[in-house]
Amino acid sequence: MLFQHSLPSAVLGYAPPYTLVRSGLRDDPSQRSSSQGDKGASDTRQSKQVQKEATKAYAIFRNLALGRYDLLMSTSRSWAAKHEEYKAFGVNSKLDLDREVKLFRNSIERACDLASEKHAVSRSENPLFWALRNAFVENDISGLTEEVVLAFQNFLMRSRFPKNIAATHRNIADFRFPYEWFPATRALQRTIHLHVGPTNSGKTYNALKALENAKSGIYAGPLRLLAHEVYTRFLAKGKKCALVTGEEQRIPENEDNYFRSCTVEMTPLNLPVDVAVIDEIQMIGDAERGWAWTQAFLGVQAKEVHLCGEERAVELIQSICATIGDKCVITRYNRLNPLECMTESLHNSWKNLQKGDAVVSFSRVGIHAIKRQIEAATGRRCAMVYGSLPPETRAQQAALFNDPDNDYDYLVASDAIGMGLNLEIKRVVFEQTHKNTKGGFRVMTTSEIKQIGGRAGRYRTARQAAASEPKLGINEQGAVPTPKAGQPGLVTAMEDSDLSIVREGFAREPEPIRTAGIQPPPSAVERFSSYFPPNTPFSYIIARLRDIARTSSRFHLCFLGEMLSIADLIQPFPMSVYDRCVFLNAPVFLREGSGALVVQAFARCISTMEGGDLVDIPEVNLELLDLGEEAFRHDPAELLRQLETLHKTITLYLWLSYRYSGVFRSQNLAFHVKGLVEARIDAYLSNININVHKRRAHMELGRKKALESKRQKKRVLGEEDMTDVPRHELPGEWNEEGHEEPLFSDPGELREITRLAPNTGRAKSGRSHRDHARASH
């Protein structure tokens with residue numbers, strides 16, 4: 001297992017990350033506006049104007065950074081709050097801390113002044129400003145806050161190590177050659193088949209045919225939903241197959257040779273096979289989770305590796321293949337039917353829906369709310385498809401929608417439809433074009449819009465494909481011939497403002513992927529941490545490793561995400577560096593209030609290697625299963641919040657049970673509890689009413705926040721060009737079970753719930769679920 005790390009983008013906005021910085025180039029707005037040669041007085045005036053705007057923007061950012069620093073040092077990072085931590089950095093009194101605080105404030109001022117006056121903003125010229133700025137770009141104010149803390153810790157450690165130890169640190173942090181981490185794979189002569197093309201072009205179909213015809217193989221995809229689709233497909237064809245995700249493993253009994261269908265981070269790297277298929281390879285460039293695709297690509301021991309994805313990944317994959325000596329064969333695909341972006345939205349009325357429409361939402365609460373709204377407004381039935389539905393239910397709902405002879409005219413689905421589900425969609429309708437992330441609301445990327453919208457229209461329907469499989473052969477030029485065009489797929493949005501964003505996305509091409517994500521092996525982290533005092537915060541150690549890391553121009557260290565917060569939560573519990581690295585990759589949930597307590601409870605179990613029985617962990621709220629809806633009549637949404645928290649708790653328990661089976665021994669009980677919780681959530685969702693006006697107001701608020709965030713970055717950082725490149729493009733949420741859609745996108749979405757219909761409470765019982773579980777255990 002590798003552990004995820006971060007190297008923030010080196011550019012102000014959305015220009016290709018990492019490459020410019022490692023080449024020593026500035027991302028200076030003045031340079032972006034002027035040509036390489038002298039283009040005359042007009043260009044000179046334009047350059048001066050852009051420099052003036054950049055100077056003004058950097059001055060604003062200076063005040064923002066200093067204000068955040070002053071607030072931290074007077075509150076959460078004061079001597080009273082963190083004196084024990086400061087002693088580990090060699091600061092032994094408040095007087096010493098006050099002196100260091102003043103000195104570092106001067107450093108921030110000088111760094112911002114250097115950017116403002118000299119336009120020195122690159123990592124080599126102005127590393128402190130570069131780090132602060134890119135943390136803000138990556139994660140808004142929360143990212144800037146974390147980076148200020150880490151930069152101050154770096155400042156405190158500036159003279160703690162002699163030169164020879166500092167040189168050793170740099171050697172440990174040399175990650176320029178990650179392909180050398182997989183020596184057994186490098187000894188193979190692999191052939192890389194790169195299948196690239198737009199959505200609905202047949203590229204994954206041909207890759208899976210190669211896998212089916214092999215004697216052994218692996219499928220690796222971004223979602224449990226897709227892994228389960230392949231798993232079911234292989235079982236239906238009489239092939240032995242295992243399903244392997246982070247939270248669930250179904251292994252054929254008494255079998256030695258079988259196929260494996262995995263989520264990508266679970267790809268086995270020590271198993272020789274004939275064929276491996278890695279889906280959605282463009283996600284190798286994701287800022288936070290790209291490491292999982294890089295690890296699978298570089299490490300899987302397959303004679304043939306089939307990579308499926310977008311054209312923008314070709315140059316990077318070709319370059320890496322040339323370096324590692326793997327043969328690269330590229331097959332380009334054409335879309336099997338045309339695609340059109342409409343000029344008119346639905347004007348926020350479900351009555352404007354047409355048979356075959358699929359409405360896309362990003363949470364389960366949203367999906368259920370839209371279903372009820374559509375059926376109330378149209379009098380027709382609406383099917384639902386999303387990742388966390390039971391596979392049998394999902395298949396049934398898809399079949400109802402695909403059948404033209406019933407009254408299921410519409411579909412509401414999560415963004416999982418962008419990942420290849422076989423649905424007969426005539427038109428894709430975006431309910432929204434913004435997403436909520438840890439850093440706040442953001443506008444969807446070009447790639448996300450095209451991936452989801454591209455599911456409109458299918459060359460062959462599901463029934464036709466079942467009757468006679470399409471022949472998507474490859475010609476002598478290594479391309480799939482364009483078939484006779486069918487009916488075009490259509491794309492639109494509910495609101496005019498969202499449609500303009502969709503049209504803008506379809507009018508441009510995403511930037512090529514410049515770098516592949518990596519994260520260092522635990523062995524490197526263990527070596528690095530051995531040079532620090534025992535009480536040094538682990539969050540600082542991994543952040544310091546990030547800061548001094550060296551990578552080549554084709555790789556980037558993945559963004560830390562919530563890893564620093566996790567590291568701080570488990571800091572009080574003694575455990576090995578390897579165990580800490582395992583925890584950093586766990587599907588934790590820190591947005592919920594009790595999430596931190598659950599993480600610490602499980603960390604305590606690992607630290608002591610005992611106490612991991614589910615019924616013996618008080619932070620696992622099993623008592624919730626004994627409460628009916630009457631206990632939440634004053635706040636119906638609170639029941640849903642607590643059910644979701646319990647579900648995430650059990651999911652984390654199951655994830656850990658596959659890695660610490662001797663500690664977390666209640667796996668069967670955990671699966672049983674998980675089923676009970678999911679049944680309660682499904683019953684809740686099927687019986688809620690949503691206030692339509694509140695939902696629209698909430699959507700509008702999210703839309704405004706996303707656009708304001710984009711404008712704020714431009715105002716504070718002086719961005720002239722908001723070029724769109726891969727950042728966080730994974731569907732669903734990585735820390736959700738199976739990496740699928742969240743229950744709700746943010747707590748505000750739950751305020752739309754107006755009442756809970758009856759008959760969704762639990763049946764009365766004499767004993768609590770915890771007592772029942774303890775007795776059976």
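At what angle do H6 and helix H19 (residues 538–548) pack? In this predicted model, local features need pLDDT of at least 70 and side-chain atom pairs count only at pLDDT 80 or more, while totals for chains, interfaces and linings use all residues. Residues are numbered from 1 along each chain as its sequence is written, and side-chain values use heavy atoms, with hydrogens and water left out.

H6 and H19 pack at an angle of about 85°, with their axes 10 Å apart, the axes being lines fitted to C-alpha atoms over the stretch in contact and the angles running from 0 to 180 degrees between N-to-C directions. H6 is therefore roughly perpendicular to H19, a term that covers 65 to 115 degrees, whereas under 35 is roughly parallel, over 145 roughly antiparallel and the rest oblique. Helices are DSSP runs (H or I, at least four residues) numbered from the N terminus.

On its other listed contact, H6 (residues 127–156) meets helix H5 (residues 94–118), the axes coming within 10 Å and crossing at roughly 135°, so H5 and H6 are oblique to each other.

| Helix pair | Angle | Axis distance |
|---|---|---|
| H5 and H6 | roughly 135° | within 10 Å |
| H6 and H19 | about 85° | 10 Å |

Contact means heavy atoms within 4.5 Å. Between H5 and H6 the contact has 16 nonpolar, one polar and one charged residues, with Phe 104 and Ile 108 among those in H5 and Phe 152 and Phe 155 among those in H6. Here Ala, Val, Leu, Ile, Met, Phe, Trp, Tyr, Cys and Pro count as nonpolar, Asp, Glu, Lys and Arg as charged, and the others, Gly among them, as polar. The contact of H6 with H19 has three nonpolar, three polar and four charged residues; Glu 147, Leu 150, Gln 153 and Asn 154 in H6 meet H19 residues including Tyr 540 and Arg 544.

Terms used: Helices (H or I, at least four residues) and strands (E, at least two) are DSSP runs, numbered from the N terminus.
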